[in-house]
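I opened the model today and kept a running list of what I looked up. The entries follow in the order I made them.

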Amino acid sequence: TGIVAPHAETQRFLRERRILARLNHPNLARLIDGGLAPDGRPWFALEFVQGDNILRWCDGRRLGLRERVRLFLDVCAAVQYAHSQLVVHRDLKPGNILVGGDGAVRLLDFGIARLLEGSDDGAATVTLAGSRYALTPEYAAPEQFQGAMAGVATDVYALGVVLYELLAGVGPYPLDRHDLTAAERTVRETPPEPLMQAIARQVPGAPEEAVRLSCRNTSISAYRATVRGDLSRILGKALAKEPERRYASVEAFAGDLSRWLDGAPVHVSGNGLRYRLGKFIKRNRIAVGIASALALGLVATSVFALRAAWSERIQRDAAVAEAARVTAVRDYTMLMFREAAEQGRDTTLTARDVLKRSAESLFARFADKPAEGQEIASNLADLYIQIGDIQGAVPLLERLITWPGIEGNPNVL
């Protein structure tokens, strides 16, 4: 549409026209033409954007929080482009951010913009309109109220306020825009209200909490889960009172928002291992779930295999021990009768004599092999009983009971 400048604003219009002429970005309203009216006043014509301001556009379509952040990134892209052309907007607010019927963002109104390397016509670097500051209190950074030089950090702050309002439906703090002194004190001294409190804040003329949540297509619990943590920290950095504590560029601000959308770690939250691991798990829930299930299955299989191997080992060891005991009994029995035969060539020995001699030497012979000794002693006692000599078995059994390690041998007695 064609715009004709009043005489008092001639210099500002000339400056804006020069600024717009050097900007070319899909999210900026294009400068179509400019010149001088017959009466000598300058004019320029901008692209006509048929749409609504970004807040009403999002509310009317009940865009969720993540969709709002994605749309906001287009605003950041336009502002970052302007900064790359050494232009600061200085009056970013929803009224200057329109969304057309095609869903594309268009950034308007560079009327109070200035060049980062100084104005080409010697204009002041502070935002002045006559003897007053030309600013919108709700979106102005603290330094603008003081008349300080506006820079990249000023636009970062205003973008933070716009995003805050997109998320909560109200600004970071209640302001009386008609009392500039009180507004300045609030902006400079009051910390931004937590988003969970802001969504429920009562503001004259503003929708109730339930309506705001409905416009964002969410519930109070889902809203809380979305805005807490990283998103709140990102906003807190953008809205820092001191310019040096804010994001150094709009690109850095948008980068953290993009990482938040992707579920990746954001720079403002640090780089701790626990934080990064939590982000990785959230970002790869399905893959982590499958990997965890496989890992648990592998652990279970390994435990089963180890238990089976351990059981086999125990059984193998028991079999080896049993074989050793059987062999020891057999060998000692053969030895017992062989010695008896050698000793009895000239003498007639009875079975009781053989058992008695064997019992006497048994405990000394197997002092270092208690398992085999106990097995043989038990068998000798049984032989006494088999031949009917109970009294002969009693001393052997009494000695056997006191043999060290008898408790751990289930094969004895």
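**Entry 1: a salt bridge and its network**

Which side chain meets R30 in a salt bridge? I found E47, with N to O at 3.9 Å. I note at the start that this is a predicted model. The pair links distant parts of the chain, 17 residues apart. R30 sits in the loop between helix 1 (10-21) and strand 2 (31-36). E47 sits in the loop between strand 3 (42-46) and strand 4.

R30 is partly exposed, with a relative accessible area of 45%. E47 is buried, at 16%.

Next I checked R106 and D102. Their side chains also meet in a salt bridge, 4.0 Å from N to O. R106 counts as buried at 14% relative accessibility. D102 counts as exposed at 59%. I wrote down that R30, E47, D102 and R106 are linked in a network of salt bridges.

I also looked up the total. The structure holds 13 salt bridges. One more that I noted joins D59 to R68, with the closest N and O atoms 2.7 Å apart. D59 is partly exposed at 26% relative accessibility. R68 is buried at 0%.

**Entry 2: strand 6 and its neighbours**

Which strands pair with strand 6? Strand 4 (residues 51-53) pairs with strand 6 in the antiparallel sense, over 3 bridges. Strand 7 (residues 105-107) is joined to strand 6 by 3 bridges, and these two run antiparallel as well.

I picked out one contact on each side. G100 in strand 6 is the bridge partner of G51. I97 stands opposite L107 in strand 7.

Are the faces of strand 6 (residues 97-100) covered or open? Both are covered. I97 and V99 are on one side, L98 and G100 on the other, and all are buried. The general rule is that side chains in a regular strand alternate between the two faces of the sheet.

The hairpin of strand 6 and strand 7 has 4 residues between the strands. In that hairpin G103 takes a positive phi near 80 degrees.

How many of the 17 residues of helix 5 are buried? I get 16, so helix 5 is largely enclosed by the rest of the structure. G169 follows helix 5, and its phi is positive, near 85 degrees.

Helix 3 got the same check. Its 20 residues should span 28 Å at 1.5 Å a residue. The end C-alpha atoms are 28 Å apart, so the two values agree. L86 follows helix 3 with a positive phi near 65 degrees.

As a rule, most residues other than glycine have a negative phi. I therefore logged two further exceptions to that rule.

R62 is not a glycine, yet its phi is positive, about 50 degrees. R62 lies in the loop between helix 2 (54-60) and helix 3 (65-84). At 41% relative accessibility, R62 counts as partly exposed.

N217 is not a glycine either, and its phi is positive at about 55 degrees. N217 lies in the loop between helix 8 (209-215) and helix 9 (220-227). Its relative accessible area is 49%, which makes N217 partly exposed.

**Entry 3: cysteines**

How many disulfides does a search of the whole structure find? It finds 0. C58 is buried, with a relative accessible area of 0%. C215 is buried too, at 17%.

**Entry 4: a nonpolar patch**

Which residues make the nonpolar surface patch of about 220 Å²? They are I385, I390 and V394. I390 is in helix 16 (residues 390-401). With a relative accessible area of 45%, I390 is partly exposed.

Notes: Residues are numbered from 1 along each chain as its sequence is written. This is a predicted model: local features need pLDDT of at least 70, side-chain atom pairs count only at pLDDT 80 or more; totals for chains, interfaces and linings use all residues. Side-chain values use heavy atoms; hydrogens and water are left out. A disulfide is a pair of cysteine sulfur atoms within 2.5 Å. Buried means under 20% relative accessible area, exposed over 50%, partly exposed in between (1.4 Å probe, protein chains only). Patches are made of residues with over 30% relative accessible area and no salt bridge: like charges are joined within 9 Å, nonpolar side chains (Val, Leu, Ile, Met, Phe, Trp, Tyr) within 5 Å. Accessible areas come from the Shrake-Rupley method with a 1.4 Å probe; for residues, only the protein chains shown count as cover. Two strands pair if DSSP finds at least two bridges between them. The expected span of a helix is 1.5 Å times one less than its number of residues.
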